[in-house]
Amino acid sequence: MEKYIEHTLLKQDATEKELLNLFEEAKKYHFKGVCINPCYARLAKKCLENTDIKIVTVIGFPLGANKTEVKIYEAECAIQDGADEIDMVINVTWLKDEKYDLIINEIKKIKEAIGSHILKVIIETDLLTQNEIKKACELCIKGNADFVKTSTGFVKNGLGAKEEDVKLMHETVTPFGLKVKASGGIKDKETAEKLIRAGACRLGTSSGVKIVQ
């Protein structure tokens, strides 16, 4: 189970002490990665030196409404600071307004900017219909993303990763070589196992220690 988990701390008021504790827990429990805000990528790199724990950071977070040029710059800076993987937030307004070419272009440009590094695209499933989830996944395929990801965890009253959404995402992207990351609301082992069975190969959660224990 631990190799599915990206140990996550993205809350606005996180302290450096909490981040340092996150990194130590990631080492202790052999998690796949840590997911942190981009200003802490250098700190994560220093603390996780000589480990195989992935440093994952977020771009255009949490609204996804930054200009494409800003997202590209954010992503480039994050890689320079030591991030291994980038989780970018889709522009949900563009999706709702069917401005699909803008979304494809943005994903492509960010992927080009980070090269061989993994790019995950957060589609924010809590705000989407099933048809929109499928369409967002198709746009991620066309944009050459590596993963589609359910949620930021910041939608008010949002449920986060749902089994049926993960299954739909998995069925849509897997034939094209993309993978699925489930995140948001994963607080126990039972939920984690359901999402893995539905097709998730990564889990973004702040409850990683509880789940593996």
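Here are some notes on a set of charged residues in this predicted model.

1. Start with the overall picture. Searching the whole structure turns up 18 salt bridges. Seven residues are joined in a network of such bridges: Glu-6, Glu-85, Asp-87, Lys-120, Lys-149, Lys-181 and Arg-202. The points below go through some of these pairs. As background, side chains of opposite charge can pair when their charged atoms come close.

2. Lys-120 is a handy place to begin. You'll find Lys-120 in strand β5, which covers residues 118-122. Is Lys-120 buried or exposed? Its relative accessibility is 0%, and since buried means under 20%, Lys-120 counts as buried.

3. What does Lys-120 touch, if you skip its neighbours within four places in sequence? Its contacts include the network members Glu-6, Glu-85, Asp-87, Lys-181 and Arg-202. Lys-120 is also in contact with Val-56, Ile-86, Met-88 and Phe-147.

4. Now the bridge that Lys-120 makes with Glu-85: the closest N and O atoms of this pair sit 2.7 Å apart. Glu-85 belongs to strand β4 (residues 85-89) and Lys-120 to strand β5, so the bridge ties together parts that are 35 residues apart in sequence. Glu-85 counts as buried because its relative accessibility is 2%.

5. Strand β4 supplies another partner, Asp-87. Asp-87 forms a salt bridge with Lys-149, with 2.9 Å between the closest N and O atoms. This pair links distant parts of the chain, as Lys-149 is in strand β6 (residues 147-149) and Asp-87 in strand β4, 62 residues apart. Asp-87 has a relative accessible area of 0%, so it is buried. Lys-149 counts as buried too, at 3% relative accessibility.

6. Then there's Glu-6 with Arg-202. Their side chains meet in a salt bridge at 2.5 Å, N to O. Where do the two residues lie? Glu-6 is in strand β1 (residues 5-9) and Arg-202 in strand β8 (residues 202-205), 196 residues apart, and the pair links distant parts of the chain. Glu-6 is buried, with a relative accessible area of 0%. Arg-202 counts as buried as well, at 8%.

7. Asp-87 then takes you on to Lys-149 through their salt bridge, while Glu-6 and Arg-202 are bridged to each other.

How values were computed. Residues numbered from 1 in each chain as written. Predicted model: local features only at pLDDT ≥ 70, side-chain atom pairs only at ≥ 80, totals over all residues. Heavy atoms only, no water. Helix = DSSP H or I, 4+ residues; strand = E, 2+ residues; numbered from the N terminus. Buried < 20%, exposed > 50% of the residue type's maximum accessible area, 1.4 Å probe, protein only. Contact = heavy atoms within 4.5 Å. Salt bridge = Lys/Arg side-chain N within 4 Å of Asp/Glu carboxyl O.
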